[in-house]
Amino acid sequence: MKPTRLFKAINSKHSLKFCFLFLVIILFTSNSTAIPKTNTKEVIKRGVKIKYYTKGEFYEYELYAKVDDKEYKIDVPECALLNIIEQTDFNLDGIDDILVEIGYGGNNKGLSYFFVTYDGNGLFHVTDEFGNEEVRENPKIENWNGIPSVSIIEVNAGMCIEEHHKYQKRYILEHGEAIRVEFKKIEELPAIKEVRHTDFSDDNNKIITMKYDINNDGIEEQFLVRYWERWSSVLFELIIKGTKYSCHLGCSRVGILPTTTNGYHDIVADLDRIYKWNGKTYACDNYELEIIGVR
Ligand SMILES: [Ca+2]
Ligand SMILES: [Ca+2]
C-alpha cells in the first residue's frame with residue numbers, strides 16, 4: 001500500500017536526505033514570499049518622454065502630463081494656484097518628476113509644495129504637501145549628497161508681534177514621499193547698533209535716529225527709523241553725504257553689521273537679511289534702497 005511505502009521511505013536509509021530536501025524547499029518558498037517584488041521600474045520604460053504642464057488660470061489650475069504623446073490629467077488639490085517649479089529626476093530613478101507650488105494669493109497664506117512621480121501605465125503619484133503659511137520665499141533646488149533637494153524658508157515675518165523665528169528645511173523625494181532631511185534654525189546676526197520694532201512700544205509716532213560712521217570717513221551717517229503700525233515693523237531712511245536712501249520693506253529690526261562691502265558697513269534687517277553697498281546704494285537680492293533725494 002502506498003502509505004506503507006511512504007512510511008518505509010521515510011524510515012529508510014534515505015530518510016535524512018528526504019528531510020534535508022524538505023527543509024530546503026521550506027526555506028526557499030518562505031524566503032521568496034517574504035520579499036514583495038513590485039518594482040515599478042520594471043513596468044516603466046526607461047527614458048520615457050514625459051512633459052508636465054498646467055492649464056487654466058485664476059484658482060482653476062489643472063495639472064497635466066504628456067507621456068509619449070498621450071495626455072493625462074493628474075488629480076491635485078482644487079482651488080489653488082499651481083506653479084510647476086522644476087521638472088527633473090528628483091529621485092534618480094531615470095524618470096522625470098516635478099515639484100509643484102501651491103499658492104493661494106494675497107498676503108494671508110503662504111506657499112506649499114508637492115512632488116509628482118510617474119509610476120508607469122498612465123499612473124501618477126502625488127506626495128503629501130510640505131511648506132505652510134510661513135513660507136513666502138521661492139524654494140531653492142540644490143544638490144544635497146548627490147540628490148536634487150528642495151530648500152524652503154519658513155519665517156513668521158509680516159506682523160512682528162511674536163518673537164521672530166526663521167527656519168530652513170530641506171526635502172528630498174524618496175520612496176514616493178517628500179522626506180525632510182534637514183532642519184535648521186536661522187540665528188539672528190549680531191549687530192554693532194540696531195533699532196527694533198519693540199523700541200517704539202512707548203510711542204508709535206516717534207522717529208529714532210541711529211548714528212554711525214558706516215563708511216569710515218570720520219563722519220557719522222544717520223538712520224531715521226519709523227514704526228509701521230500696520231505690520232508692527234519698522235521702516236528706515238539712511239542719510240549718507242546729504243543723500244537720502246529709503247527702505248520700503250518693513251522689518252522687525254534694522255542694524256549695522258561689523259562686516260563691510262566696498263568700504264561701507266553691511267546693514268542687517270530682520271534676522272539675517274543683509275543689505276550691501278554696491279557703489280550706488282544698498283541692495284539685497286533684487287531689492288535696492290531707493291534714492292529719494294539730496295539734501
Ligand atoms: Ca524620478
Ligand atoms: Ca561716514
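Student: How high is the average pLDDT of the chain?

Tutor: This is a predicted model, and the chain averages a pLDDT of 84, with 79% of the residues scoring at least 70.

Student: Which elements have the lowest and the highest mean pLDDT?

Tutor: Helix α1, residues 2-10, has the lowest mean at 36, while β14 has the highest at 98. Residues 1-16 have a pLDDT below 50, and that stretch makes 4 contacts in the model beyond near neighbours in sequence. Residues 18-38 are also below 50, with 2 such contacts.

Student: OK, and how many helices and strands are in the chain?

Tutor: There are 3 helices and 23 strands. Buried residues make up 23% of the 295 residues.

Student: What share of the contacts comes from residues 24 or more positions apart?

Tutor: They account for 37% of the contacts with a separation of 6 or more.

Student: Let's go inside. How many residues does the largest nonpolar core have?

Tutor: It has 23 residues, and those with the most contacts inside it are I98, L99, V100, Y113, F115 and V116. Strands β2 (62-67), β5 (97-103), β6 (111-120), β10 (147-155) and β11 (166-174) each supply at least two residues of this core.

Student: Which strand gives the largest share?

Tutor: That's β6, with 6 residues of the core.

Student: And what does L99 touch, leaving aside its neighbours within four places in sequence?

Tutor: L99 is in contact with I85, E86, Y113, F115 and V150.

Student: What about a second core, which residues does it include?

Tutor: The second core is separate and has 22 residues, among them F200, F223, V225 and L238.

Student: Switching to sheets. What's the strand order in the open sheet of 4 strands?

Tutor: The order is β9-β10-β11-β12, with antiparallel pairing. The edge strands are β9 (140-144) and β12 (177-185), each pairing on one side only. On average, neighbouring strands in this sheet are turned by 35° against each other, direction ignored.

Student: How many bridges join β11 to β12?

Tutor: 8 bridges join them, and the two strands run antiparallel. One pair to look at is L173, whose bridge partner in β12 is A178.

Student: Now the hairpins. How many residues sit between β6 and β7?

Tutor: That hairpin has 2 residues between the strands. Strands β6 and β7 pair in the antiparallel sense over 4 bridges, and G120 stands opposite L123 in β7.

Student: And N121, what's its phi like?

Tutor: N121 has a positive phi of about 55° although it is not a glycine. You'll find N121 in the loop between β6 and β7 (123-126).

Student: Why does N121 count as exposed?

Tutor: Because it has 9 other C-beta atoms within 10 Å, and the cut-off for exposed is 12 or fewer.

Student: What does N216 look like?

Tutor: N216 is not a glycine either, yet its phi is positive, at about 50°. The residue is in the loop between β14 (208-212) and β15 (221-228).

Student: What about β20 and β21?

Tutor: Strand β20 pairs with β21 (residues 282-284) in the antiparallel sense over 2 bridges, and W277 stands opposite Y282 in β21. This hairpin has 4 residues between the strands, and G279 takes a positive phi near 100°.

Student: Last one: is K70 buried or exposed?

Tutor: K70 is exposed, since it has 8 other C-beta atoms within 10 Å. Residue K70 is in strand β3, residues 70-74. The C-alpha atoms of K70 and I50 are separated by 9.3 Å, and these residues are 20 apart along the chain.

Technical notes. Residues numbered from 1 in each chain as written. Chains lettered and ligands numbered in written order. Predicted model: local features only at pLDDT ≥ 70, side-chain atom pairs only at ≥ 80, totals over all residues. Core = buried A, V, L, I, M, F, W, Y, C linked by C-beta atoms within 7 Å. Buried ≥ 20, exposed ≤ 12 C-beta atoms within 10 Å, placed from the backbone. Contact = placed C-beta atoms within 7 Å. Pairing = 2+ DSSP bridges. Axes fitted to C-alpha atoms, helices over the stretch in contact; angles between N-to-C directions. pLDDT = per-residue confidence, 0-100.
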